[in-house]
Amino acid sequence: MSYYSTQGWVYIVISIIFTIISLILNIYLEGVGLYMFGYLIYLLLILITAYNITCLTTGECHLWSW
């Protein structure tokens with residue numbers, strides 16, 4: 001049983017794919033630096049947004065009070 005809805009998982013997969021592409025291009029052009037920290041924070045934002053999508057599609061909101 002997954003916690004995210006189907007729409008949330010689609011969002012996660014698409015976002016992760018484009019994040020990896022951006023990370024590879026960024027490392028190739030700029031090198032490794034503080035960008036890695038930014039991408040880790042961005043992954044957290046992806047999970048929070050997927051939670052919001054799940055909340056809106058299934059109505060099971062346990063964190064936000066709308």
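**View 1. Helix α1 and its span.** At 1.5 Å a residue, the 25 residues of α1 should span 36 Å, and the 35 Å between its end C-alpha atoms agrees with this. The expected span is 1.5 Å times one less than the number of residues in the helix. Helices are DSSP runs of H or I with at least four residues, strands are runs of E with at least two, and both are numbered from the N terminus. The model is predicted: local features need pLDDT of at least 70, side-chain atom pairs count only at pLDDT 80 or more, and totals for chains, interfaces and linings use all residues. Residues are numbered from 1 along each chain as its sequence is written, and side-chain values use heavy atoms, with hydrogens and water left out. The buried residues of α1 are Gly8, Ile12, Ser15, Thr19 and Asn26; buried means under 20% relative accessible area, exposed over 50%, and partly exposed in between, with a 1.4 Å probe and protein chains only. Their cover includes α2. After α1 comes glycine 31, with a positive phi near 90°.

**View 2. Helix α2 against α1.** Helix α2 has 24 residues and reaches 34 Å from its first C-alpha to its last, close to the 34 Å expected at 1.5 Å a residue. Its buried residues are Tyr39, Ile46, Ala50, Tyr51, Asn52, Thr54 and Cys55, and they pack against α1. Just after α2, glycine 59 has a positive phi of about 80°.

**View 3. The largest nonpolar core.** Tyr4, Ile12, Ile46, Ala50 and Tyr51 make up this five-residue core. Helix α2 (residues 35-58) gives the most to it, with three residues. A nonpolar core is a set of buried Ala, Val, Leu, Ile, Met, Phe, Trp, Tyr and Cys residues joined through side-chain atoms within 4.5 Å.

**View 4. Isoleucine 46 and serine 15.** Leaving aside residues up to four places away in sequence, isoleucine 46 touches Tyr11, Ile12, Ser15, Ile16 and Thr19; a contact means heavy atoms within 4.5 Å. Serine 15 is found in helix α1 and counts as buried because its relative accessibility is 10%. The C-alpha atoms of serine 15 and isoleucine 46 are 7.1 Å apart, although the two residues are 31 apart in sequence.

**View 5. A nonpolar surface patch.** Val10, Val13, Ile14, Ile17, Phe18, Ile21, Leu25, Tyr28 and Leu29 form this patch, with about 950 Å² of accessible area together. Accessible areas come from the Shrake-Rupley method with a 1.4 Å probe; for residues, only the protein chains shown count as cover. Patches are made of residues with over 30% relative accessible area and no salt bridge, with like charges joined within 9 Å and nonpolar side chains (Val, Leu, Ile, Met, Phe, Trp, Tyr) within 5 Å. A salt bridge is a side-chain nitrogen of Lys or Arg within 4 Å of a carboxyl oxygen of Asp or Glu. Valine 13 lies in helix α1 (residues 6-30) and counts as partly exposed because its relative accessible area is 44%.

**View 6. Cysteine 61 and the whole chain.** Cysteine 61 lies in the segment after α2 and is partly exposed, at 26% relative accessible area. Its C-alpha is 8.7 Å from that of tyrosine 51, ten residues away along the chain. The chain has two helices and zero strands, and 21% of its 66 residues count as buried. It exposes about 5200 Å², of which carbon and sulfur atoms supply 74%.
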